[in-house]
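Subject: Structure for your review

Dear colleague,

Please find below the structure that I am handing over to you. My findings follow directly after it.

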Amino acid sequence: MTEPAERDSQPGKEPKPYQEALDLIAEELYQQLRRDLDDAYDPDLDDYIREQVKKRVERDLGTEMDLRLKRARRRLRAEVERGLKKERKRRKMAAAPERGRSLVRFNRHFRAQHLALFTSVIILIITGLPMKFSHLGISGFVVNLLGGIENDRILHRTGATILIGVALYHLGYTLFHPQGRSDFFLLLPRLKDAWDALLNVLYFLGITRERPRFDRFSYMEKFDYWAVYWGCVIMIGSGLILWFPNTALQWIPKFAVDTVKEAHSDEALLATLALVIWHFYNVHFNPDRFPGTLLWWHGRISEKEIKEEHPLEYERIIPEPSELLPGSADPSPQADAE
Ligand code: HEM
């Protein structure tokens with residue numbers, strides 16, 4: 001049987017820090033084996049039998065010892081690694097208390113609505129604009145890619161159905177969900193927004209060194225929200241009239257239907273440009289954000305970012321340590337908290 005000291009010199013020796021613990025276990029098991037062996041010696045047996053018994057006991061207990069050691073080694077390794085990981089995280093957070101800590105900004109209802117909204121809008125733009133600019137070569141290319149104009153029209157209506165679904169969901173959310181209600185009130189325009197916008201312009205021009213301090217939603221985010229709100233009302237209202245013209249004609253004159261078609265078409269272009277210029281700048285091309293944030297996906301904002309971008313909200317909510325999650329970008333089940 002191998003002594004613990006010999007086993008140490010074998011290849012595959014465990015790295016610190018759990019080698020010492022393993023040595024202790026090995027030593028303990030070895031002593032136990034010695035005791036068991038001594039018990040196995042029966043002074044009444046003759047030498048040959050005693051030798052056989054000794055060999056047998058050594059073999060059986062040796063196997064058992066190896067098994068137990070392997071199990072202990074696995075358990076210890078997992079335990080030590082867990083401890084080390086925790087310690088590394090703790091040290092990192094102690095060194096930079098704000099980095100790597102985050103809190104939930106957008107719950108799962110919000111994220112689901114945003115996901116469905118941009119999916120539907122992308123479908124609507126890709127299928128709608130080729131109808132508006134049918135004379136352009138690129139429109140023919142896109143329509144062919146989609147399998148022809150009939151497919152394009154079906155896809156446009158599919159996108160429209162998703163958008164209507166999101167709009168209804170959002171209405172329900174703002175009416176019945178506490179977070180939806182509170183966000184809706186915080187999104188209402190206030191005098192402070194105009195002042196913030198002015199202050200920001202002065203700041204960008206270098207006239208003042210003071211930056212506006214935002215609450216949960218800045219005037220830019222409010223503008224984004226209300227532009228989409230208004231856009232949805234116009235696009236869904238006019239789109240439904242285009243979708244069911246005969247029904248509409250029972251209520252409104254022909255020239256109104258024609259006007260609605262024009263409004264739908266022009267608002268579509270406006271919405272596309274607003275999205276590409278305003279929204280993409282704010283969330284992607286802005287140097288502070290480039291190339292973009294995954295906030296819409298995991299819903300979390302880092303403590304550092306909320307302090308900088310929404311200081312008034314931060315001061316209002318001052319999160320409990322338990323609300324702060326380690327890491328700022330990984331999707332976490334806790335981000336799903338309502
Ligand atoms: C962001 C949202 C949307 C965009 C960008 C968009 C874009 C467009 C564009 C550019 C056209 C072509 C207009 C033209 O020929 O000048 C169009 C047509 C149309 N849109 Fe939309 N649209 C949107 C939302 C909707 C919605 C919500 C509905 C329905 C509720 C809808 C229903 C229609 C219908 C029925 C047509 C006529 C298509 C046809 O001739 O078969 N659209 N849309």
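In this predicted model, helix 4 and helix 11 pack with their axes 11 Å apart, at an angle of about 130 degrees. An angle of that kind makes helix 4 oblique to helix 11. The crossing of these two helices, helix 4 and helix 11, is left-handed.

Helix 11 also packs against helix 9, here at an angle of about 155 degrees and with the axes 9 Å apart. Angles over 145 degrees count as roughly antiparallel, and helix 9 and helix 11 are therefore roughly antiparallel to each other. Helix 9 passes helix 11 in a left-handed crossing.

Helix 4 has a further partner in helix 6: the axes of helix 4 and helix 6 come within 8 Å and cross at roughly 150 degrees. Helix 4 and helix 6 are therefore roughly antiparallel to each other. Their crossing, in which helix 4 passes helix 6, is left-handed. Sorted by class, the contact of helix 4 with helix 6 has 12 nonpolar, 11 polar and one charged residues.

Helix 4 (residues 108–132), helix 6 (149–176), helix 9 (219–243) and helix 11 (254–285) each supply at least two residues of the shell around the ligand. Which helix gives the most to that shell? Helix 4 does, with seven residues. In total, 23 residues surround the ligand, and the closest are G128, A160, G239, S265 and A268. By class, the shell has 15 nonpolar, six polar and two charged residues.

Turning to the strands, strand 1 (residues 101–104) and strand 2 (residues 300–302) run antiparallel and are joined by three bridges. Are the two faces of strand 1 covered or open? Both are covered: R101 and L103 on one side, and S102 and V104 on the other, are all buried.

- F133 is found in the loop between helix 4 and helix 5 (137–145). With 14 C-beta neighbours inside 10 Å, F133 counts as partly exposed, since a residue with 12 or fewer would be exposed and one with 20 or more would be buried. F133 and S265 are 132 residues apart in sequence, yet their C-alpha atoms are 9.9 Å apart in space; S265 is among the closest residues to the ligand.
- Y281 is found in helix 11. Y281 counts as exposed, because it has 12 C-beta neighbours inside 10 Å. The C-alpha atoms of Y281 and G292, which are 11 residues apart along the chain, are separated by 9.6 Å.
- D23 has its place in helix 2 (residues 19–40). D23 is partly exposed, because 15 other C-beta atoms lie within 10 Å. Between the C-alpha atoms of D23 and L69 there are 9.7 Å, and the two residues are 46 residues apart along the chain.

With kind regards

Note on methods
Residues numbered from 1 in each chain as written. Predicted model: local features only at pLDDT ≥ 70, side-chain atom pairs only at ≥ 80, totals over all residues. Near = placed C-beta within 6 Å. Helix = DSSP H or I, 4+ residues; strand = E, 2+ residues; numbered from the N terminus. Nonpolar A, V, L, I, M, F, W, Y, C, P; charged D, E, K, R; others polar. Pairing = 2+ DSSP bridges. Axes fitted to C-alpha atoms, helices over the stretch in contact; angles between N-to-C directions. Parallel < 35°, antiparallel > 145°, perpendicular 65-115°, else oblique. Left-handed = near helix turned anticlockwise from the far one by under 90°.
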